[in-house]
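Morning, everyone. Please have the sequence and the model open while I talk. I'll go through it stop by stop.

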Amino acid sequence: MRTEPRIPFESKVIFGYQNQAVSGSITNLSLKGIFINSHSCPPKNSFVEIALAVPFLSEPPNVMAKVKRTDHGGFAADFFGMNHEVASSIWSFVCARLTSLSNCPYCGMPIEDKQLSHCPHCTYLLSFDEPGYFEKRDTAITRKSLMDFIGKLSDPEVHAIARTIRKYLLGRNNEGSDNCDEEMVGTCDKMRTVFHLIRKVAMADVPVLIIGETGTGKEMAARAIHERSLRQNGPFIPINCGAIPKDLLESELFGHEKGAFTGAERQVRGRIEYAAGGTLFLDEVGELPPLLQVKILRFLEDYRVERVGGRESIEVDLRIIAATNRDLEKDIAEGRFREDLFYRLNVVTIHMPDLRERGEDIVIMAEMFLRKYAQKAGKNIGGFTREALTALKTHHWPGNVRELVNRIRRAAVMAEQRWITPDNLELKIGQNQGEGLKEACKRFEHILIKETMGRHEGKISQTAKALKISRSEMYYLLKKHGIERAERITKGPTPV
Ligand SMILES: Nc1ncnc2c1ncn2[C@@H]1O[C@H](COP(=O)(O)OP(=O)(O)OP(=O)(O)O)[C@@H](O)[C@H]1O
Ligand SMILES: [Mg+2]
């Protein structure tokens, strides 16, 4: 198909080739090139100089062109180095005639309705005199050539390209989630253990089970493993076993053949097949119904699938990472989850800590999210007030990091002053958030020790003195709360 619309146009012409002037007649003209009939055709890739003595150009210029092909006693040549004035005169002339054509100048199909803005056959833009026509046309052509190119690639190649474009060109890692361009943040011991495990298992290509409360970053950890693995150029295909209706889940995972059930109008591949060459992320795996637990177990034995209603057994090379916020061992004991599947999935376990166990990371993450969302909201926010920091540190965080992200995003939008208050975060200081007295005392003790240490630059004796306890009691408390040397010199909350 043509990428430049051309018009039939008849006019005598002289062109120069190898120092000879040759005569011919123009039969077609576009902004990009020309077709000339001549008894003497220059060969492909040769250069000609055309004296464009055509009625619409008052001063006939000499235009250079390169021969693209020769056929039917003539040759097609592409213009080059044409000046802007000549180009715009040619385009005005071509454009005026294009609108009266009865066939699409791109695909050649008949166009009955002259008012159409796009060709009903090839979909290219027909409103040639519309402002921005060239940009729109180029976008359509680029889009189509990309589609043609992608159509010839294998599924893993398509996924790898999409991932690279999203990550490196668009700065997005995952559509729909605006947080995935962030690296996983964490400095506390528990998160360091998580990072260590992620790096260690990434290259091992074994199934991994990630457990943790809702919003602790299980999916982020799964993606981090995939991105550091040998399968990083393959797809990362997530499926939330708890979010898809049980009767659709089987076909979603395994695919189906045409006619497998009422409504199965065509063959559909399942997510397992889509994950070929990459990673299948079985989210909320504890919600898998018993029948599908058996099917997944069988799949993990030989890595072969049969689509629903199909007989062909298809080999799929992938890695499984599963995640759950359920206590699977309890589910096994109560007969809700198969023990054999649990051991298959649980070759390595990564435990994502609750946010409330991550100490100073809460503030580090809060500050990072605030910078990001303040910038997005175009606000000049200085940080958190002392009260807001206390509220962040003492909140129970039932929704973990996701809750933190949401509260900060909302606060960045709602804040009217330079400093974020507990009100902006919709948090209250000292509000009982469902924890017992012992837990609350321990948490308070932890915060108090860290803040006092921060004020005394990590010096044990000065902190002990300020807290009115002995040095040995101080060491005992540091051990009890797992406060590390590096943490002791962390400064207290940002001064307001
Ligand atoms: N360590 C981290 N650093 C930065 N952002 C994080 C971190 N952990 C989680 N997040 C962010 O928190 C949100 C929740 O993370 P994610 O979806 O991975 O959690 P999840 O455990 O899979 O949650 P759920 O159980 O609800 O599915 C996301 O926006 C993610 O980007
Ligand atoms: Mg999740």
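**A walk through the model**

Start at Gln18. Exposed or buried? Gln18 counts as exposed, because its relative accessibility is 62% and the cut-off for exposed is over 50%. Keep in mind that this is a predicted model.

Where is Gln18 in the chain? Gln18 sits in the loop between β1 and β2. Strand β1 covers 6–17, and β2 covers 20–30. Now look at the backbone. Gln18 has a positive phi, about 50°. And Gln18 is not a glycine.

Asn45 also deserves a look. Its phi is positive, about 75°, and Asn45 is not a glycine. Asn45 lies in the loop between β3 (33–37) and β4 (47–51). How much of Asn45 is open? The relative accessible area of Asn45 is 45%, so Asn45 is partly exposed.

Which residues make the nonpolar patch? They are Phe47, Met64 and Phe80. The patch comes to about 260 Å². Take Phe80. Phe80 belongs to strand β6, residues 74–80. Phe80 has a relative accessible area of 37%, so Phe80 is partly exposed.

Now the ligand. How many residues surround ligand 1? The count is 16. The closest are Val185, Thr214, Lys218, Met220 and Arg402. What kinds of residue are in the shell? Seven are nonpolar, five are polar and four are charged.

Three helices each supply at least two residues of that shell: α5 (218–227), α11 (361–376) and α13 (400–414). Which one gives the largest share? That is α5, with three residues.

Let's zoom in on the polar atoms. A nitrogen atom of ligand 1 is 2.9 Å from a polar backbone atom of Val185. Thr214 uses its side chain: a polar atom there lies 2.8 Å from an oxygen atom of ligand 1. Gly215 uses its backbone. One of the N or O atoms in the Gly215 backbone is 3.0 Å from an oxygen atom of ligand 1. How much of ligand 1 does the protein bury? Taken alone, ligand 1 exposes 640 Å², and the protein buries 91% of that.

On to salt bridges. How many are there? The count comes to 22.

Pair one is Arg231 with Asp205. The closest N and O atoms are 2.8 Å apart. This pair links distant parts of the chain, 26 residues apart. Arg231 is in the loop between α5 and β8 (236–240). Asp205 is in the loop between α4 (189–202) and β7 (208–211). Asp205 has 40% relative accessibility, so Asp205 counts as partly exposed.

Pair two is Lys295 with Glu250. Here the closest N and O atoms are 3.0 Å apart. Lys295 lies in helix α8 (residues 290–302) and Glu250 in helix α6 (residues 246–254), so the pair ties together parts 45 residues apart in sequence. Lys295 counts as buried, because its relative accessibility is 18%. Glu250 has a relative accessible area of 23%, so Glu250 is partly exposed.

Now the network. Which residues are linked? Salt bridges connect Glu287, Arg326, Asp331, Glu334 and Arg336.

Last stop: Ser229. Ser229 lies in the loop between α5 and β8. Buried or exposed? Ser229 is buried, because its relative accessible area is 2%. Now follow the chain to Ile239, 10 residues from Ser229. The C-alpha atoms of Ser229 and Ile239 are separated by 19 Å.

Methods: Residues are numbered from 1 along each chain as its sequence is written. Chains are lettered from A and ligands numbered from 1 in the order in which they are written. This is a predicted model: local features need pLDDT of at least 70, side-chain atom pairs count only at pLDDT 80 or more; totals for chains, interfaces and linings use all residues. Side-chain values use heavy atoms; hydrogens and water are left out. Patches are made of residues with over 30% relative accessible area and no salt bridge: like charges are joined within 9 Å, nonpolar side chains (Val, Leu, Ile, Met, Phe, Trp, Tyr) within 5 Å. Accessible areas come from the Shrake-Rupley method with a 1.4 Å probe; for residues, only the protein chains shown count as cover. A salt bridge is a side-chain nitrogen of Lys or Arg within 4 Å of a carboxyl oxygen of Asp or Glu. Helices (H or I, at least four residues) and strands (E, at least two) are DSSP runs, numbered from the N terminus. Buried means under 20% relative accessible area, exposed over 50%, partly exposed in between (1.4 Å probe, protein chains only). A residue is near a molecule or strand if one of its heavy atoms lies within 4 Å of it. A polar contact is a pair of N or O atoms within 3.5 Å; within protein, one must be able to donate a hydrogen and the other to accept it, and residues adjacent in sequence count only if both atoms are side-chain atoms. Ala, Val, Leu, Ile, Met, Phe, Trp, Tyr, Cys and Pro count as nonpolar, Asp, Glu, Lys and Arg as charged, and the others, Gly among them, as polar.
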